[in-house]
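The following exercises guide a new reader through a protein chain. Each one sets a task and then works through the solution in steps.

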Amino acid sequence: MLVSESFRYQEVSGFKFGYSWIGRPKMFTHIYYVDGLLIDTGQSRARKKILEGTKALNIDRIFITHHHEDHSGNIKPLQKQHQCKAYASELCCKLMKDPPRLSLVQKLTWGDREPSHDLTPVTHELRTPRFNFSLIPIPGHAPDMVALYEPERKWLFSADLYINSYIGYFLKDEGILDQIASLKKVLQLDFKVLFCGHNPQMKNAKQQLAQKLDFLETFYEKVVFQYSQGAVAQEILVRMQLKENRFVKIASQGNLSKLNMVKSAIRDFERQTP
């Protein structure tokens, strides 16, 4: 089943897309349009709906927040449809020339994405006729991830920094301390609305993001305590009563799991220890 919905908040148009082999989708992506700028391109599994939903928009530029397949799945089709340039961070531009391989569950959920060789790197800001977006590196979930901040409207386009106040699993290469640092950095900004790539927050945005920070800090501290007592990753998983989603772990070949969260905390702790 394909699901597409849209909403409007001030000058921002949001588009929600989901795909599932059976029944209603449980996971959705959001892309955003404001003043000629399209932020992210969604997943290739929903390509037809995304192209149809954005056809009437006057898109003159695209920005990719990071290289993950649910954000970069339709770069070339949308560029072709709107005859526009696409921008990203320097690292994202590099990664999209030869995107990392995906697990089976990622392909089933979001679909794959093709390489993009003509992304234009941009570093500090992105201007539209009416707005000036500051680009803020927020690594952790992905090394190339960038948020867009519009201080006059107090908008934060946060990519996957939020998702939810509770996180059920990590990718193998996610860094928990980088995420904590990114959250702290963003919470210094004056914003009221959180345009998340999966779960936008129109009210109490800062409080929601602060809850995510508290969750990750608490999780990290608990893992480090157990590790300091001599427990290894699998033992810590049991001691903290963390239950894996077996289907996700198996279908992703271990690329998505709670164990990865534990290992990320251990890995970062060891890097911090002299």
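**Exercise 1: An antiparallel pair and its sheet**

Strand S2 (residues 12-19) pairs with strand S3 (residues 28-34) in the antiparallel sense, over six bridges. The model is a predicted one, in which local features need pLDDT of at least 70, side-chain atom pairs count only at pLDDT 80 or more, and totals for chains, interfaces and linings use all residues. Residues are numbered from 1 along each chain as its sequence is written, and side-chain values use heavy atoms, with hydrogens and water left out.

Solution. Strands (E, at least two residues) and helices (H or I, at least four) are DSSP runs numbered from the N terminus, and two strands pair if DSSP finds at least two bridges between them.

**Exercise 2: A residue with two partners**

Task: determine which residues stand opposite Ser-134 in S8 and in S10.

Solution. Begin with strand S8 (residues 125-127), which runs antiparallel to strand S9 (residues 132-137) and is joined to S9 by three bridges. Next, turn to strand S10 (residues 146-150), which pairs with S9 in the antiparallel sense over four bridges. In S10 the partner of Ser-134 is Tyr-149.

**Exercise 3: The chain as a whole**

Task: state how the radius of gyration of the chain agrees with that of a compact globule, and describe the burial and contacts of the chain.

Solution. The secondary structure comprises ten helices and 14 strands. The radius of gyration is taken over C-alpha atoms, and the globule rule is 2.2 Å times the number of residues to the power 0.38. For 274 residues a compact globule would have a value near 19 Å, and the chain agrees, with 19 Å. Along its principal axes the C-alpha trace spans about 60 × 40 × 35 Å.

Buried residues (under 20% relative accessible area, 1.4 Å probe, protein chains only) make up 54% of the 274. Finally, consider contacts (heavy atoms within 4.5 Å): among those between residues at least 6 apart in sequence, 64% join residues at least 24 apart.

Technical notes: Buried means under 20% relative accessible area, exposed over 50%, partly exposed in between (1.4 Å probe, protein chains only).
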